[in-house]
Amino acid sequence: MDPQNQFCPNMDCPARGKVKRNNIVIHSRKEARYKCKVCGKTFAASTGTPYYRLHHSVDLVTTVVTLLAYGCPIQAIVAAFMLDERTVYDWQRRSGAHCQKVHAHLVQQPRDLEHVQADEIWVKVQGHVVWLAMALMVRTRLWLGGVLGPQRNERLIVRLIHLVRQNALARPLLFCVDGYRAYVSAVQRVFRAPLPNGKRGRPRLVPWPDIFIGQVIKRYRTKRVIAIDRQMAQGAQEQAETLLTQSRGGQQLNTAFIERLNATFRSRLATLGRRTRSLARLDGTLQAGMYLIGCVYCQ
Ligand SMILES: [Zn+2]
């Protein structure tokens with residue numbers, strides 16, 4: 001236990017959220033509790049973590065959550081560790097919710113994205129098809145987030161593009177996507193900024209400059225790719241190629257990086273919904289699972 005890096009979680013305390021103020025001391029090693037000298041309150045070392053108020057060891061929970069993040073079937077975990085299925089689902093949900101907070105805190109901030117690949121896949125869970133659209137920053141392979149929906153439609157894509165915009169600085173940006181037309185309209189709709197004109201009322205929205213959209217369209221015959229068409233849906237080819245090289249994203253327009261991510265998610269998510277009873281719970285399970293996998297993902 002190290003009180004140095006702890007902070008007081010008491011919202012009524014003047015020292016709340018502040019680290020390295022020497023106001024936190026160890027209250028009880030046995031019970032793993034700290035005490036704040038400013039407000040006099042004690043708190044569990046696991047406060048604010050997925051381990052809070054769990055009746056199992058931190059090591060066991062960590063092992064199980066790691067297995068879940070790599071797609072280990074829940075039934076295998078139940079059998080190996082002699083746990084109740086509901087307990088495993090609960091840990092999965094807790095850790096996923098925590099990952100979502102970590103993601104919001106660490107990832108969702110404007111950065112020079114350069115080159116983003118986005119794609120959507122369907123995942124079959126419990127006899128239903130769920131659509132998952134995700135985006136990835138190519139240079140760092142950073143998972144920018146994903147959205148889930150019952151259908152593949154423009155709404156799903158617009159939600160995804162909003163997510164990307166939250167992470168984007170107003171810098172030249174190349175999108176590499178498949179041939180789904182909704183991407184083009186969604187990017188054009190979302191990547192706009194108000195132009196102040198000194199008049200009253202809503203200012204006119206103007207598109208961001210230097211947003212490039214490259215489409216990679218694969219043609220199949222009996223499940224085999226027989227041809228790949230690459231075309232620019234917006235912006236000049238030459239500048240798009242500069243962004244490709246700059247981001248170390250290949251020689252020509254491609255969606256290889258997001259496809260790898262998709263394959264990982266498809267296999268790891270599929271195991272989650274298998275035995276979930278209700279569809280409402282399934283949504284929560286998938287959302288948590290998506291964040292758990294996405295935050296652990298690296299390639
Ligand atoms: Zn305090």
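Which residues coordinate the zinc ion? Select Cys8, Cys13, Cys36 and Cys39: their SG atoms coordinate the zinc ion at 2.3 to 2.4 Å. Donors here are N, O and S atoms within 2.8 Å of the metal (3.2 Å for Na, K and Ca), and water is not among the atoms, so sites may look incomplete.

The model is predicted: local features need pLDDT of at least 70, side-chain atom pairs count only at pLDDT 80 or more, and totals for chains, interfaces and linings use all residues. Residues are numbered from 1 along each chain as its sequence is written, and side-chain values use heavy atoms, with hydrogens and water left out.

**The zinc site**

Remain at the zinc ion and display the angles between its four donor atoms. These angles are 105 to 115°, which makes the arrangement tetrahedral (four donors count as such if all angles lie between 85 and 135 degrees). Along the sequence, the donor residues follow the spacing C-x4-C-x22-C-x2-C. Cys13 belongs to the segment before strand S1 (24-28) and Cys36 to strand S2 (residues 33-36), so this pair ties together parts that are 23 residues apart in sequence. Strands (E, at least two residues) and helices (H or I, at least four) are DSSP runs, numbered from the N terminus. Both Cys13 and Cys36 are buried, a term for under 20% relative accessible area, with exposed meaning over 50% and partly exposed in between (1.4 Å probe, protein chains only).

**Ser28**

Next, select Ser28 in strand S1. Ser28 counts as buried because its relative accessibility is 13%. Leaving aside residues up to four places away in sequence, Ser28 touches Met1 and Arg33; a contact means heavy atoms within 4.5 Å.

Select Asp119, Glu120, Asp178, Tyr220 and Glu259, which are the closest to the centre of the largest pocket among its 16 lining residues. This pocket holds about 370 Å³ of space. Strand S4 (115-125), strand S10 (211-221) and helix H7 (256-270) each give two or more residues to its lining. The lining comprises seven nonpolar, two polar and seven charged residues.

A pocket is an open set of points on a 1 Å grid over the protein atoms alone, with protein on both sides within 12 Å along at least five of seven lines; lining residues have an atom within 4 Å of a point.

Move to the second largest pocket, where about 300 Å³ of space lies. Its lining includes Tyr52, Arg93, Arg94, His98, Lys101 and His105. By class, four nonpolar, four polar and three charged residues form this lining.

**Helix H5**

Now select helix H5 (residues 182-190), in which Ala182, Tyr183, Val184, Ala186, Val187 and Val190 are buried. Among the elements that cover these buried residues are S4, helix H4 (154-166), strand S7 (173-177) and strand S11 (224-234).

**Two loop residues**

Finish with two residues in loops. Lys223, in the loop between S10 and S11, has a positive phi of about 65° although it is not a glycine. Lys223 is exposed, with a relative accessible area of 81%. Arg248 is in the loop between helix H6 (237-246) and H7, and has a positive phi of about 55° although it is not a glycine. At 59% relative accessibility, Arg248 counts as exposed.

Conventions
Tetrahedral: all angles 85-135°; square planar, octahedral: opposite > 155°, others 65-115°. 1 Å grid on protein atoms, 1.4 Å probe; cavity = no way out; pocket = protein on both sides within 12 Å on 5 of 7 lines; lining within 4 Å. Points joined across faces, edges and corners; volume = space filled by probe spheres on them. Nonpolar A, V, L, I, M, F, W, Y, C, P; charged D, E, K, R; others polar.
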